[in-house]
Amino acid sequence: MRGLITRTTGSSCMVRTDSGSDVECIVKGNFRIKGIRSTNPVAVGDYVEITEPVQGEPSFIKSIEDRRNYIVRRSSNLSKQSHILACNLDQCVLIVTIQHPETSTVFVDRFLATAQAYRVPAILVFNKVDLLTEEDTVRLKELMDLYSGIGYSCLTCDAKHGTGVDEIVSVLSGKVTLLSGNSGVGKSTLVNRILPDLRLKTGLISDKHDTGMHTTTFSEMFELPGGGWIIDTPGVKGFGNFDMEPEEIGHYFPEIFSMSRDCRFGNCTHTNEPGCAVKNAVSTGEISLSRFTSYLSMLQDEDEDKYRKPQE
């Protein structure tokens, strides 16, 4: 029996079968010893083959179909190396906030580079625009100009009051979309605005750290009335890249990759080499210093424990 994984909670998951029924399934242990270096050998968005449901007994996942794509990040679990956020995506949407909490550009750039690496189109949604001061509004425009100039679609919204949500809904319609972002940026609020019957739990922002606290504890897909699915995932603090060679990382920053064609050396890492067109472009402002800083931070990810330890 074939189906789509719509929710994962550790070793169990919910599968929507081709006939439209929801079946709770258990992941067979042998998936964990097949060289899949991940905390979750199956993920939301996977198409799987399951055993026929028998009353009083759990169903099991027998096999996973080949994935079209996926989004993966470095895991915080010391015993593994990666965590798959979702599979078989048409696009991903990163929810970003200028304040309350502030989303760092390093986090944004790491997410976008990962999406670029796995060939998943990415969209930035700047939420909580109702809270912006005049200074914040200037910062918002700067960031939107930066990322739209690179080629990323940028939208704004106030999910709490509904402003801008209709435009987001039109972007989501008919597509499988991963929603991601730091805790507290309003993902669950946005999902509730799009699908009000869900009544997902939303959280408060820590006054001490101005950071969000987890409300979503597992990944789940929700079907949209007009067609398509949205995937809500737990908020993440750090986004460590996984399985990227240093010489590849520049390929996932479109403006760096484009400019690197003019570097003196074909294998230029844009760090200490003479005749580096990328460093020259940073000095002249053609490439954003914040983006170049993010690129350099990803080059320094050889320490595999860097993004596995919980951040305070």
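Which residue is the bridge partner of Val176 in strand 13?

1. The model is predicted. In strand 13, Trp229 is the bridge partner of Val176.

2. Within strand 11, Ser180 has Leu94 standing opposite.

3. Strand 11 is largely enclosed by the rest of the structure, because 5 of its 5 residues are buried. In a regular strand, side chains alternate between the two faces of the sheet. Here both faces are covered: one side carries Val176, Leu178 and Ser180, the other Thr177 and Leu179, and all of these are buried.

4. Thr177, a residue of strand 11 (residues 176-180), has a relative accessibility of 0% and therefore counts as buried. Its side chain makes a polar contact of 2.9 Å with the side chain of Gln91. With neighbours within four places in sequence left aside, the contacts of Thr177 are Gln91, Cys92, Val93, Leu172, Trp229, Ile230 and Ile231.

5. Not counting residues up to four places away in sequence, Leu178 touches Ile71, Leu85, Ala86, Leu89, Gln91, Cys92, Val93, Ile231 and Thr233.

6. The largest nonpolar core has 56 residues, and Leu178 is one of the members that touch the most other members, together with Leu89, Leu112, Leu124, Phe126, Tyr147 and Ile231. Helix 1 (residues 105-117) supplies the largest share of this core, 7 residues. Another core, of 19 residues, lies apart from it; Ile95, Ile123, Ile168 and Leu179 are among its members.

7. The cysteines deserve a separate point. A disulfide is a covalent bond between the sulfur atoms of two cysteines. With a cut-off of 2.5 Å between sulfur atoms, the count is 0 disulfides. For Cys13, the closest cysteine sulfur belongs to Cys25 at 5.4 Å, which is too far for a bond. Cys263 is in no disulfide either, the nearest cysteine sulfur being that of Cys276, 4.0 Å away.

8. Are Cys13 and Cys263 buried or exposed? The threshold for buried is under 20% relative accessible area. Cys13, at 3% relative accessibility, therefore counts as buried. Cys263 has a relative accessibility of 10%, so this residue counts as buried too.

Notes. Residues are numbered from 1 along each chain as its sequence is written. This is a predicted model: local features need pLDDT of at least 70, side-chain atom pairs count only at pLDDT 80 or more; totals for chains, interfaces and linings use all residues. Side-chain values use heavy atoms; hydrogens and water are left out. Buried means under 20% relative accessible area, exposed over 50%, partly exposed in between (1.4 Å probe, protein chains only). Helices (H or I, at least four residues) and strands (E, at least two) are DSSP runs, numbered from the N terminus. A polar contact is a pair of N or O atoms within 3.5 Å; within protein, one must be able to donate a hydrogen and the other to accept it, and residues adjacent in sequence count only if both atoms are side-chain atoms. Contact means heavy atoms within 4.5 Å. A nonpolar core is a set of buried Ala, Val, Leu, Ile, Met, Phe, Trp, Tyr and Cys residues joined through side-chain atoms within 4.5 Å. Two strands pair if DSSP finds at least two bridges between them.
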